[in-house]
Amino acid sequence: MSKCVIMFKGGVETQEYFSIEMAQTFEARGYDVYWFDLVVSEYSTSLLQAFLEQSFKDKRFTNIIAFTFNFNGIAGEDGLYSNTFSKKNLWDEYHIAVYNMVVDHPLYYHKYLGLRPERYVQISIDKNHIQYMKRFFPEVNASSAFSAKNKSICHDDDYYFLPLGGTGINIHREVYQAGRYIPIRKRPIDVIFTGNYTSIERFDAYLAQMDYDSKMFFKELLKESIKNPNELIEHLVEQKLIKENVAFSQTELKNLMPNLMYVDLSVRFYYRAKTIMQLADSGIKVHTYGAGWKQLECMHPENIIAAGNVDSQTCLDKISQSKISVNVMPWFKNGAHDRIFNSMLNGAVVLSDTSKYLKECFIDKSELFFFELQDIENVGDIVREALSDLDRLQEIADRAYDICIEKHTWKERCHILIDRIESGKF
């Protein structure tokens with residue numbers, strides 16, 4: 001008998017890409033991988049139900065679990081959630097544990113937490129997100145097998161913390177061909193950014209149904225967040241309510257949190273735009289791969305070479321042809337973004353704003369270049385200095401690669417996940 005993991009395709013392209021990466025490790029560890037297609041959820045449910053019935057009848061597997069990103073498959077999808085099941089959803093009907101890796105701030109997903117299966121574990125990519133869950137949804141992971149067995153130590157954040165991983169398009173660095181793993185000196189792109197741009201005015205739609213005072217409250221909160229980029233948005237809103245003598249209960253504060261989507265999205269795109277704008281206006285050409293960059297207004301738009309929206313594989317290919325890869329964190333203050341690890345694994349030197357976790361993992365000017373959001377005016381100088389010494393840049397790229405190939409691949413992340421599952425820590 002063997003083990004089986006149910007995984008999902010047909011959702012967000014990047015999350016499917018992550019899943020495919022992890023599936024290889026699940027298979028190497030003895031798991032059969034069953035793919036559920038979210039595009040045809042009802043039909044896929046009928047196929048999955050037949051598969052489960054036959055598997056249980058044949059006693060084919062010692063254990064069947066599901067692994068997903070961002071509530072795919074546990075968000076009330078047609079078929080998976082139905083009154084035809086005595087327990088209202090397939091996961092509880094067949095007593096399947098679901099491990100959900102949430103790659104955004106939890107405030108985006110309050111409405112789905114009420115739909116979570118009975119055997120549910122939430123994995124966070126930022127340790128601050130774990131604190132958020134423990135404060136507002138303490139019941140979620142408290143019912144996991146690990147917490148139930150280890151109540152005295154379940155406060156340890158690391159058990160539910162797993163950062164995003166990186167993907168190298170040629171992990172063994174065997175050859176320099178077709179634009180892959182070109183040495184720094186031969187890379188045709190000086191500076192790259194992979195990610196979308198959206199004008200912060202577009203996020204006003206999140207405020208559309210609010211009254212005037214509420215709109216002003218969140219717009220002022222955005223200004224505070226821009227002015228204090230090291231502060232968590234959930235902390236700033238609480239401080240603002242206290243400062244304005246607004247009485248609130250824990251439940252009222254919790255219910256307010258989803259409205260912070262407006263601030264979270266606006267502030268991340270504000271600093272993303274400001275970073276690229278600062279580089280372009282400093283005379284540095286930046287190649288962008290992602291939607292929206294042609295709409296960015298700056299003094300020197302000719303320095304932004306916008307390729308438009310591309311898939312994950314293309315992003316990796318272009319990073320492998322770049323000397324410096326720019327990252328601006330999506331407000332993860334104690335976590336990381338896969339863009340950092342992707343860049344390092346594909347031989348580019350990372351220029352990124354900081355987080356507590358990143359500072360624990362990497363040394364500034366030795367394995368990457370850090371900048372602070374409050375000192376964003378310095379990014380042009382950092383890039384110019386870095387590009388002036390390509391031998392040093394190659395040394396930094398090689399050191400970062402050596403660290404990442406050992407510690408920060410999706411393969412390594414999946415091994416950690418499986419070890420925790422199989423040891424009962426989940």
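This section describes the pockets, cavities, nonpolar cores and selected residues of a predicted model.

Two or more lining residues come from each of helix H1 (13–28), helix H11 (261–281), helix H12 (312–319) and helix H13 (338–345). Helix H1 contributes the most, with five residues. Divided by class, the lining of the largest pocket comprises 21 nonpolar, 13 polar and seven charged residues.

Across the whole structure, three cavities of 30 Å³ or more were found. The volume of the largest cavity is about 70 Å³. This cavity is lined by 13 residues, of which Phe8, Gln15, Glu16, Ser19 and Asn72 are the closest to its centre. Strand S1 (2–9), H1 and S3 each provide at least two residues of this lining. In the lining of the largest cavity, five residues are nonpolar, six are polar and two are charged.

Asn72, one of the residues closest to the centre of the largest cavity, is located in the loop between strand S3 (61–69) and helix H3 (90–93). Asn72 counts as buried because its relative accessibility is 17%, below the 20% limit for that class. Its side chain reaches the backbone oxygen of Phe69 at 3.0 Å. When residues up to four places away in sequence are not counted, Asn72 touches Phe8, Gln15, Leu38 and Glu77.

The second largest cavity holds about 60 Å³ of space. Its lining includes His105, Asp126, Asn128, His129, Glu234, Asp264, Trp331 and Lys333. At least two lining residues are supplied by each of H5 and helix H9 (233–243). The lining of the second largest cavity divides into five nonpolar, three polar and four charged residues. Helix H5 (residues 127–136) also contains Lys127. With a relative accessible area of 18%, Lys127 is buried. Lys127 and Glu21 are 106 residues apart along the chain, and their C-alpha atoms are separated by 23 Å.

The largest nonpolar core contains 88 residues, and Ile6, Leu48, Leu90, Trp91, Ile96 and Phe218 have the most contacts inside it. Helix H11 supplies the largest share of this core, with eleven residues. A second, separate core comprises 46 residues, among them Val5, Val33, Tyr357 and Ala400. Ile96, in the largest core, is in contact with Ile6, Leu52, Ile64, Ile65, Ala66, Leu90, Trp91 and Arg119 when neighbours within four places in sequence are left aside.

Backbone geometry was considered last. Most residues other than glycine have a negative phi. Lys88, a residue other than glycine, has a positive phi near 75°. Lys88 is placed in the loop between S3 and H3, and Asn72 is found in the loop between these elements as well. Lys88 is partly exposed, with a relative accessible area of 46%, whereas Asn72 is buried at 17%. A positive phi is also found at His95, where the value is near 55°. His95 occupies the loop between H3 and strand S4 (97–102).

Technical notes
Residues are numbered from 1 along each chain as its sequence is written. This is a predicted model: local features need pLDDT of at least 70, side-chain atom pairs count only at pLDDT 80 or more; totals for chains, interfaces and linings use all residues. Side-chain values use heavy atoms; hydrogens and water are left out. Helices (H or I, at least four residues) and strands (E, at least two) are DSSP runs, numbered from the N terminus. Buried means under 20% relative accessible area, exposed over 50%, partly exposed in between (1.4 Å probe, protein chains only). A polar contact is a pair of N or O atoms within 3.5 Å; within protein, one must be able to donate a hydrogen and the other to accept it, and residues adjacent in sequence count only if both atoms are side-chain atoms. Contact means heavy atoms within 4.5 Å. Ala, Val, Leu, Ile, Met, Phe, Trp, Tyr, Cys and Pro count as nonpolar, Asp, Glu, Lys and Arg as charged, and the others, Gly among them, as polar. A nonpolar core is a set of buried Ala, Val, Leu, Ile, Met, Phe, Trp, Tyr and Cys residues joined through side-chain atoms within 4.5 Å. On a 1 Å grid over the protein atoms alone, a cavity is a set of points where a 1.4 Å probe fits but cannot get out, and a pocket is an open set with protein on both sides within 12 Å along at least five of seven lines; lining residues have an atom within 4 Å of a point. Grid points are joined across faces, edges and corners, and a volume is the space filled by probe spheres set on the points.
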